[in-house]
Amino acid sequence: MNRALLGVCLAAASFATTAADGVSFERAQKAVEQGEFKSITSILVAQDGKVVYEHYFDTQGAEGRRNTRSVTKTVAGMLAGIAIADGHIPGASARIFDLLPASRRKHMLNKDRRKSSIDVEDLLTMSSIVECNDQDQFSRGNEERMYLIEDWVQFYADLPVQGFPPGCRSRLTLLMAVASDTARPA
């Protein structure tokens with residue numbers, strides 16, 4: 001709840017502030033520094049393509065790597081929306097495997113006719129029918145297994161069907177690849 005509130009406050013502030021008005025962010029910065037919000041390592045707000053506020057709460061600063069797990073959902077949604085608006089994806093009900101090159105579908109492991117019904121909305125809501133559960137270390141689709149594989153798109157495509165498990169990040173990887181037209185075979 002606190003993270004969501006901070007995100008909403010910063011988003012709203014970014015539309016109301018200008019680059020010269022750093023005062024608007026003092027309260028948010030102070031709240032993070034006092035531990036009111038957990039696990040926040042940085043805040044960056046841009047408006048009209050310009051950074052209006054940037055602050056880092058760890059020793060690594062701007063050069064540090066950030067764990068952007070949940071940000072991926074937002075980026076995937078934006079890419080999908082742009083791809084739909086530009087006509088590259090027909091809509092949220094578009095079947096995802098129809099959008100992949102035939103060569104990827106041809107070499108897919110664990111072929112199952114039910115996979116053909118997985119659509120863009122399933123990936124955005126992390127609710128497709130493949131065996132993919134980031135909360136279960138033994139799940140074949142667990143993100144830790146995906147990180148070991150070079151081709152993340154094929155990793156997802158190769159997962160077996162299991163029903164409706166909790167979400168996993170490899171679904172978003174497939175969607176972003178399709179939306180950004182990078183789903184070509186390696």
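Residues are numbered from 1 along each chain as its sequence is written. Because the model is predicted, local features need pLDDT of at least 70 and side-chain atom pairs count only at pLDDT 80 or more, while totals for chains, interfaces and linings use all residues; side-chain values use heavy atoms, with hydrogens and water left out.

I begin with the overall picture. The secondary structure comprises nine helices and two strands, where helices (H or I, at least four residues) and strands (E, at least two) are DSSP runs numbered from the N terminus. Along the sequence, the order is α-α-β-β-α-α-α-α-α-α-α. Of the 186 residues, 39% are buried; buried means under 20% relative accessible area, exposed over 50%, and partly exposed in between, with a 1.4 Å probe and protein chains only.

The two strands come next. Strand β1, residues 42-47, and strand β2, residues 50-56, pair in the antiparallel sense over six bridges; strands pair if DSSP finds at least two bridges between them. Leucine 44 stands opposite glutamate 54 in β2. The strands form a hairpin with two residues between them, and aspartate 48 in the turn has a positive phi of about 55°.

I turn now to the aromatic residues. The structure holds three aromatic pairs; rings of Phe, Tyr and Trp (its six-membered ring) pair if their centres lie within 6.5 Å, with planes under 30 degrees apart counted as stacked, over 60 as edge-to-face and the rest as tilted. Phenylalanine 97 and tyrosine 156 have ring centres 6.5 Å apart and planes at 15°, so this pair is stacked. Because phenylalanine 97 lies in helix α4 (residues 96-99) and tyrosine 156 in helix α8, the pair ties together parts that are 59 residues apart in sequence. Phenylalanine 97 is buried at 4% relative accessibility, and tyrosine 156 is buried at 0%. Tyrosine 147 and tryptophan 152 form a tilted pair, 5.6 Å centre to centre with 50° between the planes. Tyrosine 147 is partly exposed at 34%, as is tryptophan 152 at 32%.

Which salt bridge partner does aspartate 151 have? The partner is arginine 104, with the closest N and O atoms 2.9 Å apart. Aspartate 151 lies in the loop between α7 and α8 and arginine 104 in helix α5 (residues 102-106), so the pair ties together parts that are 47 residues apart in sequence. Aspartate 151 is partly exposed at 22%, whereas arginine 104 is buried at 5%. By the rule used here, a side-chain nitrogen of Lys or Arg within 4 Å of a carboxyl oxygen of Asp or Glu, the count comes to four salt bridges. Another of them joins aspartate 98 to arginine 95, at 2.7 Å between the closest N and O atoms.

Is valine 153 buried or exposed? At 8% relative accessibility, valine 153 counts as buried, and this residue lies in helix α8, residues 152-157. Leaving aside neighbours within four places in sequence, valine 153 is in contact (heavy atoms within 4.5 Å) with Leu100, Arg104, Thr173, Leu174 and Ala177. Valine 153 and leucine 174 are 21 residues apart in sequence, yet their C-alpha atoms are 4.9 Å apart in space. By contrast, leucine 148, in the loop between α7 (143-146) and α8, counts as exposed at 74% relative accessibility.
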